[in-house]
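Welcome, and thanks for taking a look.

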Amino acid sequence: MKFCYRNVAVGYNGAELRSGPLEQVMTDLNPQAKQMADESMVRNLAAQARAIWPQEIPLLRRYALPAEPRILDAGCGTGEGSSRLAESFPGAQVLGVDIVDSHLELARRRYASLAPRLTFEHQSIFELKAADRSFDLAVCRHVLHSIPHADRVIAELARVTRRGGYLHLIPEDYGMLHFQRAAIDPRDFWHEAPASFGESTGTDLFMGRHTFGILAAMKMEEIKVDYVVVDTLRVPRETFAAILEAWRDGYAESIGELTPISRESAVAYFNQMIANVHDPQGYAVWMVPVVSARVPTS
Ligand SMILES: C[S@@+](CC[C@H](N)C(=O)[O-])C[C@H]1O[C@@H](n2cnc3c(N)ncnc32)[C@H](O)[C@@H]1O
């Protein structure tokens, strides 16, 4: 199987191919490599963490963790989640892993004061270096919708988590965003863009609703699906708008290439959604699934 993405041909066997003026390297296991490494993603991850963490931390505190938990942050990006985990669990040893080196370098620089309790390594979440049952908690935020074979990654996270330990996943679902209509209707955008984008990149942008079934088939215990509600009442409007601006800046071009929606049209949809969020009388919501489970004790 081959995914053709922009000017890069990507082989399903995991081989990295270089092509095109940008010399952008991607593997089939990170089909959004260009967007993930973009400057807009750094902004996006910061805004998402500001929006989501205040509602996420109470969910993390429910887990029965030891005083000095070993925590993995799989697909850690710039360390927004890893650093908050290290700060929130002062006895914890936190390892963040990712395959975008610029993110890892930024994370190491930004959070040097938390080292050596917090470390960052280049590792693929499809093939972690850790031995079986190494962690008390495996966290994977905003990754599973952006990669193919999410079930393989979840199985790998379960492998490295000890019996009775926890998986804490944020699998995004692009059917869970709602905006008011104005000149154009964002429902049309969200109906078309994620389905086509997912088809072109071999990913499932509706992973949020499918994660429960994956965990159930793996016979995980205490499976829970909670929601962080990013809306114009719970999150500052400028923070919500910053997420949409970053999506517009990072994704409009590839939406134009990979879906029936043109780049110009994608920008117009995003601009309208941003205006909706900024409007003091406007309401908009992004429901963010937080799916957790316990690795069976026996
Ligand atoms: C949207 S970002 C989320 C970053 C971080 N978890 C957070 O919450 O801020 C997704 C991250 O997953 C990483 N990623 C994608 N495929 C990966 C793989 N095969 N192994 C490790 N990281 C991967 C990307 O490089 C990117 O940094």
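Let's begin with Ile147, which is buried at a relative accessible area of 5%; buried means under 20% relative accessible area, exposed over 50% and partly exposed in between, using a 1.4 Å probe and protein chains only. Residues are numbered from 1 along each chain as its sequence is written, and side-chain values use heavy atoms, leaving out hydrogens and water. As this is a predicted model, local features need pLDDT of at least 70 and side-chain atom pairs count only at pLDDT 80 or more, while totals for chains, interfaces and linings use all residues.

**Around Ile147**
- Ile147 sits in the loop between strand S6 (135–141) and helix H5 (150–160); helices (H or I, at least four residues) and strands (E, at least two) are DSSP runs, numbered from the N terminus.
- Leaving aside residues up to four places away in sequence, Ile147 touches Leu29, Pro31, Ile125, Phe126, Val153 and Thr203, where contact means heavy atoms within 4.5 Å.
- Pro69 is 78 residues from Ile147 in sequence, and the two are 28 Å apart in space, C-alpha to C-alpha.

**The ligand**
- There are 21 residues around the ligand, and Gly75, Asp98, Ile125, Arg141 and His142 come nearest; a residue is near if one of its heavy atoms lies within 4 Å.
- A ligand nitrogen atom is 2.6 Å from a polar backbone atom of Gly75, and a ligand nitrogen atom is 3.0 Å from a polar backbone atom of Ile125.
- An N or O atom in the side chain of Arg141 is 2.6 Å from an oxygen atom of the ligand.
- On its own the ligand has 600 Å² of accessible area, and the protein covers 99% of this; accessible areas come from the Shrake-Rupley method with a 1.4 Å probe, and for residues only the protein chains shown count as cover.

**Salt bridges**
- The structure holds 16 salt bridges, each a side-chain nitrogen of Lys or Arg within 4 Å of a carboxyl oxygen of Asp or Glu.
- Arg141 also pairs with Glu56 in a salt bridge, with the closest N and O atoms 2.8 Å apart. This pair links distant parts of the chain, Glu56 being in helix H2 and Arg141 in strand S6, 85 residues apart. Both Glu56 and Arg141 are buried.
- Arg43 and Glu39 form a salt bridge with closest N and O atoms 2.7 Å apart. They are four residues apart in helix H2, so about one helical turn separates them.
- Arg43 is partly exposed at 33% relative accessibility, and Glu39 is partly exposed at 48%.
- Glu39, Arg43, Arg248 and Asp249 are linked in a network of salt bridges.
- In the salt bridge of Asp185 with Arg187, the closest N and O atoms are 3.3 Å apart. Asp185 counts as buried at 13% relative accessibility, whereas Arg187 is exposed at 59%.

**Two helices, each with a buried face**
- Helix H4 (residues 101–110) has His103, Leu104, Leu106 and Ala107 as its buried residues. Seen down the axis of H4, they fall within an arc of 165°, so they line one face of the helix; the arc is that of the directions from the helix axis to the C-beta atoms.
- These buried residues of H4 pack against helix H1 (33–37), helix H2 (39–60), strand S4 (93–98) and strand S5 (118–122).
- Helix H7 (residues 207–217) has Met207, Gly208, Thr211, Ile214 and Leu215 as its buried residues. Their arc around the axis is only 95°, which puts them on the same side of H7.
- The buried residues of H7 pack against H5, strand S7 (161–170), strand S9 (221–231) and strand S10 (285–294).

How values were computed. A polar contact is a pair of N or O atoms within 3.5 Å; within protein, one must be able to donate a hydrogen and the other to accept it, and residues adjacent in sequence count only if both atoms are side-chain atoms.
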